[in-house]
Amino acid sequence: MAVILLAGSVLLLLLLIAKFRVNAFFALLITSFLAGVSAGMGPQRTLASMLKGLGDTLGSLILILVFGAILGKLVEESGAARSVSDALARLLGENRLQISVLLTGLLVGLPMVYNASFLVLIPLIYTISHTRRLPLLYVGIPLSSALSVAHGLLIPHPAPVAIAALLKADPNLTLLYGLLLAVPAAVLAGPVLERFCRNVAASPPPGLFRPEESAGDDLPRLWTSLLVLLAPVGLMLAGAAARLLGDGNGLWVSAALLVSDPTVALFAGVVAAIVLLGLGRGRSMESLMQSTAAAVASIAMVALIIASGGAFKQVLMDAGVAHAMQSATERIGLPPILLCWLTSALLRLALGSATVAAITSAGIVLPAVAGSGVAPELLVIAIASGSLMFSHFNDIGFWMFKEYYNVSVKDTFRVWTVMESIVAVVGLLGVLMLNAMMPPPPAKQARRVFYLNSYHEGYPPSDEAMAAIRESFRHPGFLLREFFLDAKRRHDEGSLKSRAAAALEQIRAFQPEVILASDDDAVKFVVAPYLRNGPVPVVFCGVNWSADSYDLPREHVTGMVEVLPVDGAARMLRRFRPEARRLLVLSEDSTSEKRNTSLMDGRWRKLGFEPEYALVSGFEEWKTRFAEAQGRFDALYLPTSGAIRNWDARQARIWVRRHTRVPSFTCDEFMIDYVSFGVVKIAHEQGEWAATAARRILQGEGPSAIPLAENSRFRCVWNEAVAELAGLSRPDPGCAAWKLPGPAGEAREAGKSGLR
């Protein structure tokens with residue numbers, strides 16, 4: 001079913017873009033939503049998955065794209081590209097003019113997208129051809145090949161940057177490998193190809209080129225131009241060298257890794273361009289800022305397309321395509337590198353845009369190639385190379401080449417399409433060669449970490465903690481294996497014991513060096529009965545209030561206990577209803593909530609409440625108890641709903657609006673839709689702490705050396721719509737506002753203050 005879903009999604013995407021001419025941004029969003037709904041995720045969960053993919057992708061890329069666009073704009077306006085080209089021509093001589101043009105294209109093309117760099121340099125090509133009486137394509141083909149290689153294969157261009165983020169590849173190593181392949185690809189697709197195309201007649205379009213207007217006298221100095229163009233590349237290559245040569249320690253390694261971050265490196269290039277190419281040559285800061293604003297505006301749609309590609313990827317992952325793709329790939333037996341290249345090439349053939357094809361391909365093949373053993377940096381180059389294959393009518397670059405060189409469609413196929421295909425094939429062959437040359441894994445193997453999650457992916461508090469753990473162990477030096485007990489959806493004891501047995505089998509097969517376990521079910525059904533005495537150390541997080549009942553020996557186990565900020569929530573309630581005594585705790589019937597009931601009863605009574613508990617199994621029962629409580633109790637506490645069968649978020653919001661008469665509160669952010677206010681935990685803190693403790697254990701510390709901890713980071717959230725129904729008004733401007741969706745179920749307000 002998942003494979004059919006994938007095929008149908010790709011077909012729909014192709015139809016929307018190729019046949020109906022829908023912008024790729026809208027096409028990817030539409031396809032993502034329909035794919036999620038078709039997979040049974042439901043509209044709300046699909047939307048949440050899309051927003052997560054959008055945020056994760058754009059959050060890691062937006063500054064890189066912005067700084068790259070600004071740098072390209074400043075280089076364009078200053079004439080730095082012309083300065084470098086003239087110097088290379090003088091240095092290499094007339095006999096090596098093609099090489100000088102090719103190098104100019106690579107240098108200028110590094111910070112600039114293809115279309116912009118082509119338009120900046122095409123007047124220079126016209127001038128060289130005219131003044132030296134050379135055929136236009138003699139210098140035009142080397143220029144186009146160099147720009148195509150830079151745009152398609154090299155960071156910081158959008159496609160390789162986005163793919164590297166999706167595949168969690170090191171951007172510095174990706175740039176290094178791309179540079180190794182860029183020169184042979186550009187030479188074969190440039191000067192070598194030109195020898196076979198000398199009978200193709202080309203000329204500037206009539207009226208576009210006037211020789212007397214093409215000269216430029218006020219150019220920046222060569223060293224200034226080179227410094228600005230090469231500064232980001234040099235900094236990123238320094239990071240690659242630090243990773244390859246350093247041992248991970250030392251001040252110089254840390255400094256090199258910091259400045260080599262693509263965001264930092266490109267920002268340094270932007271600062272250099274502003275100072276050296278702008279202020280240093282008499283431009284005002286106001287003029288420079290206008291140029292930067294124009295540059296940022298120019299990449300808005302590119303950024304949105306990249307982000308929507310991330311949404312498509314996330315929906316495919318959440319819909320279960322990952323497992324299906326892995327199984328299908330194993331049956332087909334297609335090598336990961338060839339799978340990446342071929343998928344990207346087929347999408348380029350259908351879509352036209354190399355950037356869209358590359359990003360879409362990355363989302364499709366990611367489940368199949370993750371953990372394949374092939375360096376993710378090489379997979380990035382394979383996807384990027386495939387996205388250049390067989391450009392034709394649906395590619396804007398095809399038409400730019402035809403019009404600016406004034407050649408026929410037939411000759412555009414002979415030159416441009418062949419040129420792009422050469423780059424794609426050279427990229428594939430180069431990646432295969434680099435992969436074959438890769439040394440065998442070093443004696444020091446990746447550290448093996450097993451993560452046991454009590455619940456399922458998609459349960460918000462658990463996802464927050466899990467995100468921190470994944471981020472901490474996503475680097476090449478670690479191998480993270482995950483297992484989900486699914487206790488929210490299958491919470492009967494028989495199912496949990498069966499899942500616990502399956503988890504133990506995976507732990508024995510994986511042989512981890514440390515085990516992470518989140519929430520009570522993982523500790524109750526796996527850690528306490530089977531792992532408490534080692535030999536593998538365990539770090540837990542999310543165990544409610546106390547771990548004493550599990551009798552975990554400190555020499556083998558440490559962790560962070562989850563303490564809910566009920567005291568703070570109770571104090572806020574007292575500000576509105578000081579007389580409130582009767583409290584209903586309305587929650588799910590699950591292992592953790594049964595335990596919470598017994599653990600928290602004394603705390604509620606100490607806070608002055610007379611608590612009653614309603615632990616329900618189904619949504620209809622929850623609705624009934626919620627409505628009945630409005631006349632019987634002074635306040636409601638709603639901890640969670642993850643294990644309530646047939647839970648319908650939209651209907652729950654409608655029901656809350658219809659029946660709320662008394663104040664309600666929570667300590668979990670994902671329940672804010674249904675209550676007046678919340679003092680909520682920040683679950684990410686627990687994952688951060690657990691990951692840090694696990695790293696300390698991997699570095700040689702014993703669990704007993706790491707004291708047990710309690711979470712301590714909370715925040716206040718106010719739901720205006722539900723609070724008004726209960727007669728409450730926000731007491732503190734610092735309590736972040738939360739807008740409840742309307743009955744139609746529209747998304748939460750994007751700009752809610754104080755929330756992630």
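Modeller: One term before we start: contact means heavy atoms within 4.5 Å. You are looking at a predicted model, where local features need pLDDT of at least 70 and side-chain atom pairs count only at pLDDT 80 or more, while totals for chains, interfaces and linings use all residues. Residues are numbered from 1 along each chain as its sequence is written, and side-chain values use heavy atoms, with hydrogens and water left out.

Colleague: Thanks! How many helices and strands does the chain have?

Modeller: The secondary structure comes to 29 helices and 13 strands. Helices (H or I, at least four residues) and strands (E, at least two) are DSSP runs, numbered from the N terminus. Of the 756 residues, 55% count as buried; that word stands for under 20% relative accessible area, with exposed being over 50% and partly exposed in between (1.4 Å probe, protein chains only). Among contacts with a separation of 6 or more, 76% come from residues 24 or more positions apart.

Colleague: Which strands make up the open sheet, and in what order?

Modeller: Its six strands have the order β2-β1-β3-β4-β5-β11, with parallel pairing.

Colleague: And why do β2 and β11 stand at the edges?

Modeller: Each of them, β2 (478–484) and β11 (709–710), has a single partner strand, so one side of each is left without a neighbour in the sheet.

Colleague: What makes β3 and β4 a pair?

Modeller: Two strands pair if DSSP finds at least two bridges between them. β3 and β4 have four bridges, in the parallel sense, so they meet that rule. The partner of Ala517 in β4 is Phe540, and Ser518 stands opposite Cys541. The chain goes from β3 through α23 to β4, a β-α-β crossover that is right-handed: with the strands pointing away from the viewer, the path from the first strand over the helix to the second runs clockwise.

Colleague: What joins β4 to β5?

Modeller: Six bridges do, and β4 and β5 (residues 557–562) run parallel. One place to look is Val539, which stands opposite Thr558 in β5.

Colleague: How much of β4 is buried?

Modeller: Seven of its seven residues are buried, so β4 is described as mostly covered.

Colleague: Why is Val538 called buried?

Modeller: Val538, which lies in β4, has a relative accessible area of 0%, so it counts as buried. Leaving out residues up to four places away in sequence, Val538 touches Ile515, Val527, Leu531, His556, Val557 and Thr558.

Colleague: What covers the buried residues of α23?

Modeller: The covering elements include β1 (447–453), α22 (493–510), β3 (514–518), β4 (538–544) and α25 (591–606). Nine of the 12 residues of α23 are buried, including Phe525, Val526 and Val527.

Colleague: Is Asp520 buried or exposed, and why?

Modeller: Asp520 is buried, because its relative accessible area is 0%. This residue of α23 is in contact with Ser454, Gly542, Val543, Asn544, Tyr550, Ser592 and Arg595, leaving aside neighbours within four places in sequence. Asp520 and Glu562 are 42 residues apart in sequence, and their C-alpha atoms are 9.9 Å apart in space.

Colleague: Why does Thr224 count as buried?

Modeller: Thr224 has 5% relative accessibility, so it counts as buried. Thr224 sits in helix α10 (residues 222–245) and, beyond its neighbours within four places in sequence, is in contact with Leu276 and Leu277.

Colleague: What lies 2.7 Å from the side chain of Thr292?

Modeller: The backbone oxygen of Met289 lies 2.7 Å from a polar atom of that side chain. A polar contact is a pair of N or O atoms within 3.5 Å; within protein, one must be able to donate a hydrogen and the other to accept it, and residues adjacent in sequence count only if both atoms are side-chain atoms. Thr292 belongs to helix α13 (residues 285–298) and is buried, with a relative accessible area of 12%.

Colleague: Last one: how many disulfides are there?

Modeller: The count is zero, where a disulfide is a pair of cysteine sulfur atoms within 2.5 Å.
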